[in-house]
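I opened this notebook to record what I looked up in the structure.

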Amino acid sequence: MVLRGTVTVHPLQQLRDEVDRLFSNVLTHPTVSGAARLVAGRGFPAVNVWEDAESLFVEAEVPGLKAEDLDITVVGDELTIKGQRPEEPQTEAAFHRRERGVGAFTRVVRLTSEVDANKVHAQLNDGVLLLTLPKAEAAKPRKIQVKTE
Amino acid sequence: MSVETTIHQENQTADVAPPEHTHSGPYYRPNVDIYELADQLVVQADVPGAKNNEIDIQFEDGALTIYAKVPARQDSQGPYLRQEYGVGDFYRTFRVSEQIDPSRISAEYAGGVLTLHLPKVEAAKPRKIKVAAK
């Protein structure tokens, strides 16, 4: 990332980032490798995670990536999203702004439920990756019928 | 790294025209690359989730405006277990100091990335001046 001008960070913003980072360290292990201009801080790609009774859903914004550029694996309770953001082949170009990251990335997300790794479904639309991870039988909520005599 | 995540908001104020609040609801600033070739400026913007036919680009009085509508997703979800980004429309305005030929601006969109080509007008192109030897 190219820095230009003076950077002022509001103290509250800084605190918020600190808190975010603390949580980020607890819940996930973002690691960045390769070129250093990746969207930094919380790891790339950013993810949203939610669930319903049947599945966990992990969504990530990966603009510019094709399905074949992505390598997604689930081992135990760890989901790994690996990929490579291609660099535009513009050798003679003079950059005015450079905010979009390039290079290799690895993002590990710890899953909060046990999932069936064989049934994970991945879909990529308009730069948005949606993973559907069906929960393992043991992790699904079970309704207990209370019997009355 | 906390500094880097906030730079997006902080370092643009000087040369970005103030956003016009003609669109309702929150919007997000797309990350962009802008580079200059001999005959054009190229703007690439990350607008993941935007639909091809709902991207609005305007060039007026030297100001380039990108507005990309992003339809809501995840409508059936419960609360987030983890949320690192918000989903909403993208909006950003740039002031372009180069002389651009607005009639020849072209745009393409693929995989969440919008690419704009802004051709320079002839006069703004570098011209090689030959020095005549006596």
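**Entry 1: a bridge pair**

I began with the partner of Ala68(B) and found that its bridge partner in E7(B) is Phe90(B). I note at the outset that the model is predicted. I then asked in which sense E5(B) and E7(B) pair, and over how many bridges. The pairing of E5(B) and E7(B) is antiparallel and runs over six bridges.

**Entry 2: the sheet**

**Entry 3: the chain as a whole**

I recorded one helix and nine strands for chain B. Along the sequence I read the pattern α-β-β-β-β-β-β-β-β-β. I also looked up burial, and buried residues form 25% of the 134 residues in chain B. Of the contacts in chain B with a separation of 6 or more, 60% join residues 24 or more positions apart.

**Entry 4: the nonpolar cores**

I then asked which residues have the most contacts inside the largest nonpolar core. This core has 19 residues, and those with the most contacts inside it are Val43(B), Ala45(B), Val47(B), Ile66(B), Ala68(B), Phe90(B) and Leu114(B). Ala68(B) and Phe90(B), the bridge partners of my first entry, are both in that list. I traced the core back to the strands of chain B: E2 (32–36), E3 (40–46), E5 (63–68), E7 (89–95) and E9 (113–119) each supply at least two of its residues. A second, separate core has 16 residues, including Ala60(A), Val62(A), Leu79(A) and Val109(A). As background I note that nonpolar side chains tend to be buried together in soluble globular proteins.

**Entry 5: Ala107(B)**

I located Ala107(B) in strand E8 (residues 106–110) of chain B. Why does Ala107(B) count as partly exposed? It does so because it has 14 C-beta neighbours inside 10 Å, whereas a buried residue needs 20 or more and an exposed one has 12 or fewer. Leaving aside residues up to four places away in sequence, I found that Ala107(B) touches Ile57(B), Leu114(B), Thr115(B) and Leu116(B). I also looked up the C-alpha separation between Ala107(B) and His117(B), which is 6.2 Å for two residues 10 apart along the chain.

Terms used: Residues numbered from 1 in each chain as written. Chains lettered and ligands numbered in written order. Predicted model: local features only at pLDDT ≥ 70, side-chain atom pairs only at ≥ 80, totals over all residues. Helix = DSSP H or I, 4+ residues; strand = E, 2+ residues; numbered from the N terminus. Contact = placed C-beta atoms within 7 Å. Core = buried A, V, L, I, M, F, W, Y, C linked by C-beta atoms within 7 Å. Pairing = 2+ DSSP bridges.
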